[in-house]
Amino acid sequence: MTEYWKASPNYWCKHCAVFVRDTKLERQNHEATAKHQNAIKRSLRDLHRNHEREERDKERARREIDRLNGVVTTSSTGPLRLGRASAPGSSSKESSLKKQREQLAEMGVAVPEDFRGEMAIPGDWTVTSTRVIQSAGDGGANDEKKADKVATGVRKRDEKEEDKEEEEAVKGLFKKPRRWGRDSRKIPEGEDEELDALLSGTVKLKKAEGGDVKSEDQDEVKAEEDAVKMEPETRASVLGGEVKEEEGEARVKEEGDDNAGITPVVFKKRKPKSLRTKGKPTGKLTKIDNKIDAYVATPPEGKARNGYGILYLPDVIGIWQNSQLMADLFAEQGYVTVVLDLFNGDPVKLNDKPAGFDIMTWLKEGTDGNNPHTVPYVDPIVEAGIKYIKGLGVTKLGAVGYCFGAKYVVRHYKNGIDVGFVAHPSFVEEDELAAIGGPLSIAAAETDSIFPSDKRHKSEVILKATKKPYQINLFSGVEHGFAVRADLKVKVQRFAREQAFLQAVAWFDNYLLEDQ
């Protein structure tokens, strides 16, 4: 069963609008930054300003209410009436009259025209103009002639037989034949025999008038049959899967004489397997210079690309099942692959980290406090690995780096790396990225506190300035570590992991083998 590393939870800083790893050290470091302090000050200023704005709005609303009511509280003796305010007696009289009119309207009493607009009642119908269409006559012929002259509208002339025939002939020239599926959903009678024969695995051959099968049809059938038999086997998928074929035997029916044959129909299903994530690694463990652990995966017989190899620099988990299987997959593409232990036998335990474990302390001091994993200690290991894989006959070297290992792929172009691929890189400095000496491909996660969007955009600017070929693919719905430690039960993570591997293979095939 595939193991995967459960990512530690992230803390959302509402002041800075960023995710921070939810550890005591990471939160302290973030809260000590000038960006966080300025964000807190800005938030407090906004709170005070919003409070003052709300108070001003409340006071303005209160004054507006007082103004509308005609009350001004300027003295303690009591409210004074504005000069423009209407007298209470007149306003109450008008309201009572209005209510009386509404009651009369509800009872069906006609309301005078002057008050209807004020009460939103429509007025009565009025005749604005009158037009006499036809005066009454004696009903004779003169009246019928007058009616014909007055009548308006479209009058259609009588059609003749010659006109009808001509119109039908013109329609027949441009009329499309009705077809099943386009003009009709019902199969015409007698036209479903060929469809049934195809679905049942048989195809009937049409006979010529003399009863013999046409030689042209026989040649086509024979050529089609030979093409089915001689079809080459589909090449195994890049993901390491084998192609399965299901062949069905053609059923033959005899019609008339012996010359009538049946075209064999063969249906094949091809379904390549996905990225291999379980099983037993096929490579071997070894030691470089009798002190550096390494895993070597060699290509299968007949697939080796002589002179081409890949140096695999792993994440903080080091050499484990997933990294070994990934190396085997690279070897299946023809590249001899070497996985290095960058941590001097002190990798991070996958799901058994000690209590109070801190990744930054581990990087600086190691688990026992005397085994640091910093640049002065890791660089010699990478240089020894490059020398070892070159000794296996590799002249063109590609390198893959995941998480921690990405930094050292970028650093060691100067020591023999020709083409690089990194996934969710960690701790890569700007000057290191600017100094690359060859093509570089990056697979990035949407959610990554170590390689966030601002660093990704800055990397684009730096890579563009190097004038070297580069590529950055961003995968949504995944987090840091997806290219090696994805949860394969989650479809989006499984897909992103497979596509990141295919991205690396395509990158090496294009830039590492460019001279082939």
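This is a predicted model: local features need pLDDT of at least 70, side-chain atom pairs count only at pLDDT 80 or more; totals for chains, interfaces and linings use all residues.
Residues are numbered from 1 along each chain as its sequence is written, and side-chain values use heavy atoms, with hydrogens and water left out.

Now the strands. The chain has 16 helices and 12 strands; these are DSSP runs numbered from the N terminus, helices being H or I with at least four residues and strands E with at least two. Strand β1 (residues 10-13) pairs with strand β2 (residues 18-21) in the antiparallel sense over 4 bridges, where pairing requires at least two DSSP bridges between the strands. C13 stands opposite V18 in β2. This hairpin has 4 residues between its strands, and A17 takes a positive phi near 60 degrees.

Next, the open sheet of 8 strands. Its order is β5-β6-β8-β7-β9-β10-β11-β12, with mixed pairing. Which strands are at the edges? They are β5 (284-288) and β12 (470-479), each pairing on one side only. From one strand to the next the twist averages 20 degrees, with axes fitted as lines to C-alpha atoms, for helices over the stretch in contact, and angles running from 0 to 180 degrees between N-to-C directions. β5 and strand β6 (residues 292-297) pair in the antiparallel sense over 5 bridges, and T286 has A294 in β6 as its bridge partner.

Two helices pack on this sheet. Helix α9 (residues 321-332) touches β5, β6, β7, β8 and β9, and its direction makes about 40 degrees with that of β6; contact means heavy atoms within 4.5 Å. Helix α16 (residues 491-511) touches β7, β9, β10, β11 and β12, at about 170 degrees to the direction of β12.

Last, the aromatics. Rings of Phe, Tyr and Trp (its six-membered ring) pair if their centres lie within 6.5 Å, with planes under 30 degrees apart stacked, over 60 edge-to-face and the rest tilted. The count by this rule is 10 aromatic pairs. One of them, F343 with W362, is tilted, at 5.4 Å centre to centre and 45 degrees between the planes. F343 lies in the loop between β8 and α10 and W362 in helix α10, so the pair ties together parts 19 residues apart in sequence. Ring pairs link F343, W362, F404 and Y408 into a cluster.
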